[in-house]
Amino acid sequence: MSKWASMQGASEQGANEQVSKGQVGKEADFTRTLAELQTCRLADLQFSQHSLQDYADCPRRFQLRYLLGVTWPAVKVEPIAEMEWRVRLGQRFHRMAHQHALGIPAGRLEAGLDDEDLHRWWHNFLTAPPRDLPTGIRRAEVSLSAPLVGHRLIARYDLLAADPGERLIIVDWKTRPRPRNTKRLLNKLQTVVYPYVLVEAGAVFNGGRSIQPEQVTMVYWFAHSPDDPLTLAYDAARHAANHERLVTLIREIAARDDENVQVWPLTDDVDRTCKFCAYRSLCERGSIAGDLDDLEEDWEFEEILDIDLEQIAEIAFR
Ligand code: SF4
């Protein structure tokens, strides 16, 4: 029996009960307080890959999460215990990679590693890291922020490696399997926002000089298949296209906000997007959580977690 399965009985039942009780209470509260919700001003929001992806996936989700601040305690994925276990493993891996970049010896970090998957990922991390990374500067868990059409756009990187004046490589650790079809990953807002913000706001990693898009590469490294990373070159044409896409998205959001529409459009993608969304019952898009086995390989666990952007320590360089 896998580790998560042994946790499943009591813990899942407890979690279900808790959610169920919480939901009843929240639903009652919600009808009473919806009109009283203290809405967030769009001008106060910092955009990120997560919030923009939410908007691209479903404008209503963006409105509920970021403007109305509605927390809706529904289970997004079942079985809950396995989901929590996988999320925790991913977080532990990222924390270890960060600590390793800070100079903590691998031997100390792996002492007490109690999970087979994490052990394998860590072994892969140590023996088959992304190849040929710049050595001049290595910064893990670093954030950058750039202004864009009256708003701020932030990006938080797992690892930035740079030889100032020469190359800059963004590395993103993935603990999900490498997608067979990379099209969706290439189209994700993360793939757009990360290199864009680096070029716009990362001069500090380039000896104080403006970064040319051609200096930047982005690498998705997969702990399951470390020898098969996805390496994406960047250039001026891609940067211009990304600028256009981001400006269009942010302007569209701002225009919607100005129109003061009560309910922003709901996605048509009920089967895929609503299935793993906490607001399902609120939107009357079903009450059953998505099955973890149906979670497509290009979904990130972070996408189905609530990301509290205020917890991200932003370092602004401009
Ligand atoms: S349940 Fe569907 S329509 Fe409602 S916010 Fe979530 S993704 Fe959008």
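**Entry: G165**

I began with G165, which is in contact with N206, G207 and R209 when its neighbours within four places in sequence are left aside; two residues are in contact if their C-beta atoms, placed from the backbone, lie within 7 Å. The model is predicted, and I therefore noted its limits: local features need pLDDT of at least 70, side-chain atom pairs count only at pLDDT 80 or more, and totals for chains, interfaces and linings use all residues. My residue numbers start from 1 along each chain as its sequence is written.

I placed G165 in the loop between β4 and β5 (167-174). Helices (H or I, at least four residues) and strands (E, at least two) are DSSP runs, numbered from the N terminus. G165 counts as partly exposed because it has 13 C-beta neighbours inside 10 Å. For burial I used this scale: a residue is buried if 20 or more other C-beta atoms, placed from the backbone, lie within 10 Å of its own, exposed if 12 or fewer, and partly exposed in between. G207 is 42 residues away from G165 along the chain, yet their C-alpha atoms are separated by 6.3 Å.

**Entry: the whole chain**

I counted nine helices and eight strands in the chain. Of its 318 residues, 31% count as buried. I then took the contacts between residues at least 6 apart in sequence and found that 74% of them join residues at least 24 apart.

**Entry: F47**

Is F47 buried or exposed? I find it buried, because 24 C-beta neighbours lie inside 10 Å. F47 belongs to strand β1. Apart from residues up to four places away in sequence, F47 touches L52, H151, R152, L153 and I250. One of these, H151, is 104 residues from F47 in sequence, with 7.4 Å between their C-alpha atoms.

**Entry: helix α2**

Why is α2 (residues 49-57) largely enclosed by the rest of the structure? I traced this to burial: seven of its nine residues are buried, so the helix is largely enclosed. The buried residues are Q49, H50, S51, L52, Q53, D54 and Y55. Their cover includes β1 (46-47), α3 (59-67), β4 (151-163), α8 (189-201) and α9 (236-259).

I examined the packing with α8 separately. The angle between α2 and α8 is about 145°, and their axes are 9 Å apart; axes are lines fitted to C-alpha atoms, for helices over the stretch in contact, and angles run from 0 to 180 degrees between N-to-C directions. On the α2 side the contact uses Q49, L52, Q53 and A56, and on the α8 side L189, Q190 and V193. I sorted these contact residues into four nonpolar, three polar and no charged. In this sorting, Ala, Val, Leu, Ile, Met, Phe, Trp, Tyr, Cys and Pro count as nonpolar, Asp, Glu, Lys and Arg as charged, and the others, Gly among them, as polar. An α-helix has 3.6 residues a turn, so residues three or four places apart point the same way.

**Entry: helix α3**

I find α3 mostly covered, with seven of its nine residues buried. These are R60, R61, F62, Q63, L64, R65 and Y66. Their cover includes α2. G69 follows α3 and has a positive phi, near 65°.

**Entry: helix α9**

I checked the span of α9: its 24 residues reach 34 Å from first C-alpha to last, close to the expected 34 Å. That expected span is 1.5 Å times one less than the number of residues. Buried in α9 are H239, N242, L246, L249, I250 and I253. What covers them includes β1, α2, β3, β4 and α8. Just after α9, N260 takes a positive phi of about 60°.

E141 lies in strand β3 (residues 137-148). Its phi is near 50°, a positive value in a residue other than glycine. I class E141 as partly exposed because it has 18 C-beta neighbours inside 10 Å.

E284 sits in the loop between α9 and β8 (290-291), and its phi is positive, near 55°. I class E284 as exposed because 10 other C-beta atoms lie within 10 Å.

**Entry: the ligand**

Which residues come nearest to the ligand? Of the 13 residues around it, I list C58, L266, C274, C277 and C283; a residue is near a molecule if its C-beta atom, placed from the backbone, lies within 6 Å of it. The shell divides into seven nonpolar, two polar and four charged residues.
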